[in-house]
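Okay everyone, thanks for coming. Let me put the thing up on the screen, and then we'll walk through it together.

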Amino acid sequence: MDRIEIDLGAKKVILEKGRMARQAQGAVWVQSGETIVLTTAVSSSNPREDVDFLPLMCEYREQTSAAGKIPGGFFKREGRPTEREVLTSRVIDRSIRPLFPEGYYHDIQITSLLLSVDSENDPEILAILGASAALVSSPIPFTGPVAAVRVGYVDGEFVLNPGISLLERSEINLLLSGTQDSIIMMEGSSAEIDESKFLQAIAFGLRNLKSLLEVQQPWIGEKTALPSVGGSPWRQPAEDFLKQKLFRAYEFKEKKARSDFYDSLREEFLSGCPEEEKDLAGKDFDISLKKSVRQLIASSEKRLDGRSPKEIRPIEIEVGLLPRNHGSALFVRGQTQCIASVTLGAKHDEQRIDGLFEETSKRFMLHYNFPPFCVGEAVPMRSPSRREIGHGALAERSLAYVIPGEEKFPYTIRIVANILESNGSSSMATVCAGSLALMDAGVPVSRHVAGIALGLIMESGQSVILTDIAGEEDHYGDVDLKIAGTEKGITGFQLDVKTSEFSLDILEKALFQSREARLEILEKMNSVLSQPRPTLSPYAPRMISFKIKPDKIGLVIGPGGKTIRGIIDRTGAEIDIEDDGTIHISSPSPAACEQAQQEVLTLIEEAAVGKVYTGVVTKILPFGALVKILPTQEGMVHISEISGHRIDSVEDMLSVGSEIRVKVIGIDESGRLRLSRKQTLTPEELAREKESLGNKGKTFQEKDTVRDLRHRVRNHRRH
């Protein structure tokens, strides 16, 4: 058994091999704190036939037992991969895929199992590190090692691998993987951080990668030799053929037309090859075409669609085109189209997530769909692909920073983005369309967010950074850098490379080039819609949110939920209550919301001295009456406070069930209420009451005067 320990910032990372999963070609146990990930690497003995790509499968799986939980649901076991598992599988794949040798077509499977997890140490970092260590220690051809770190920015300081609680306060969440010489993968979000600060965060992460790379060096073992590749007799003829023909690609401005042109060149070239050698000649032609296209782009200031390297494709924008949706927008950039819609919902519409530790909720969601027709294909439509989940997550975190807090806008927000046509950068078109749709829906976002994708082609000693890459440039290029943000700074980002020569200097140029493009797009978006709509769609639910004392929640719910169900049945409104006393009321009708709110407030209202209430007599006593003025409060009206005139009996004026107006004239230390009916009576009401009482209806002052005269007469007679 081999064991490595390394101090990484304030944390210790342990790597072990040779003890677990020994039938795998590579297996590494990675631990930090109480978080443990076991990662294995296995490759097939023989290459796949008839493939020209690396068949790499990365699977990251979380088991709730790792956090001491039993899964919910009927089956009580893990099912299909969660969104988090899919996204982690993708970052592992993107971190190692560029480091396999060209021409290695064996099936490779990387499996990462989360066996134990605490609340502070990030399993994603450990899974990427484990994948690299398992590969370098295996016979599988791999040009690593690679390592990953997460960078935060808290209270003006960069933080290495911040814990989950610290990450919540961080202005940057940067996941970065790389080798000694190159950045390989980057992903995350930030709070409108400017490009200079962003570059500092990347440089900080790269410095801290080095120790993780160095500790893997002793584990590098002997690698399986790649089969010798025979000569490529058709490679040079294909390159010579393309030099004479490929320049005509500039004549075709549309993606489909150029694709058809390339197909015609292939057919023309193969027509001159012997039948028995056409398969080999076809492979050589495809390799030569890629190289020739890259050379053509890198050596020219003119791209295949006629643009300059920094030029953005024509942009078209339309908002409010879907009448029944709460907000909608169409964003078109060249041959990439995205239509996004916004739906507003109530508290109960939030997504419930049964996480490793406790159930959480999510009130902002973005779902990205990439139907096959958008690229002219006819294939079955199934559940969301990993690509769709990944692109949706990128667009979602790019927009999340400008989403207003629940206290300001208590709605659940869902964006659905459908790609109608795709020729590169559809995820960044989704960011733009989503931002416009949010404003069209009246969501009080702080400002627009725009996204742009940049590419890089390095060929034959020449390189060029391309703004707003089309699909062809992405396919043949070395880098796909997506940057989203506002006019103030970056909010979301993602980087994938196909080269091991992507330096920080190149990234710096690309970042500032992306800012120029982003500001240009934001200007076009603001010219169409610069502020959120002042009112919501008439089809959007209306919502009222307010807080009550937590100890009053039981009064609103009632025994077995009877009280709250009654309010819902009477008003037709939906009511959600949180543990802290926050109440959300939603309904298509504003009047229903207001009625439900008033009923809730009445339930929890506390009597105030000096305030007049309409109450119901609940009990008659010899010296007064009990009157219920609020659902949970009643008080005593003394006989002397029932009328402005003396009465002999309470029953002369009141009866159980009668409705009367009373004023709160006092609350004693025990919370008992003293009420007065007479203090609510007008002079006219007093006069009418006196008349109805007849001789018995003398005022208390008159009665007292008569009693005093009788007392004086008795005293006079005694003397």
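This is a predicted model: local features need pLDDT of at least 70, side-chain atom pairs count only at pLDDT 80 or more; totals for chains, interfaces and linings use all residues.

As a reminder, strands of a sheet pair through backbone hydrogen bonds, either parallel or antiparallel. Here we have an open sheet of 8 strands, and the pairing is antiparallel. Reading across, the order goes S8-S7-S9-S10-S21-S20-S18-S19. What about the edges? Those are strand S8, residues 157-160, and strand S19, residues 462-467. Each has a single partner strand, so one side of each is left without a neighbour in the sheet. On average, neighbouring strands here are turned by 15 degrees against each other, ignoring direction.

Let's zoom in on one pair. S7, residues 147-154, and S9, residues 172-178, are joined antiparallel over 6 bridges. If you look for Val151, its bridge partner in S9 is Leu174.

Now, which helices lie across these strands? Helix H1, residues 83-96, lies across S9, S10 and S21, at about 130 degrees to S10. Helix H8, residues 386-400, lies across S10, S20 and S21, and runs at about 155 degrees to S21.

Last stop, Ser586, which sits in strand S24, residues 582-587. Is Ser586 buried or exposed? Its relative accessible area is 6%, and the cut-off for buried is under 20%, so Ser586 counts as buried. Leaving out residues up to four places away in sequence, Ser586 touches several residues, including His348, Arg542 and Cys593.

Key
Residues are numbered from 1 along each chain as its sequence is written. Side-chain values use heavy atoms; hydrogens and water are left out. Two strands pair if DSSP finds at least two bridges between them. Helices (H or I, at least four residues) and strands (E, at least two) are DSSP runs, numbered from the N terminus. Axes are lines fitted to C-alpha atoms, for helices over the stretch in contact, and angles run from 0 to 180 degrees between N-to-C directions. Contact means heavy atoms within 4.5 Å. Buried means under 20% relative accessible area, exposed over 50%, partly exposed in between (1.4 Å probe, protein chains only).
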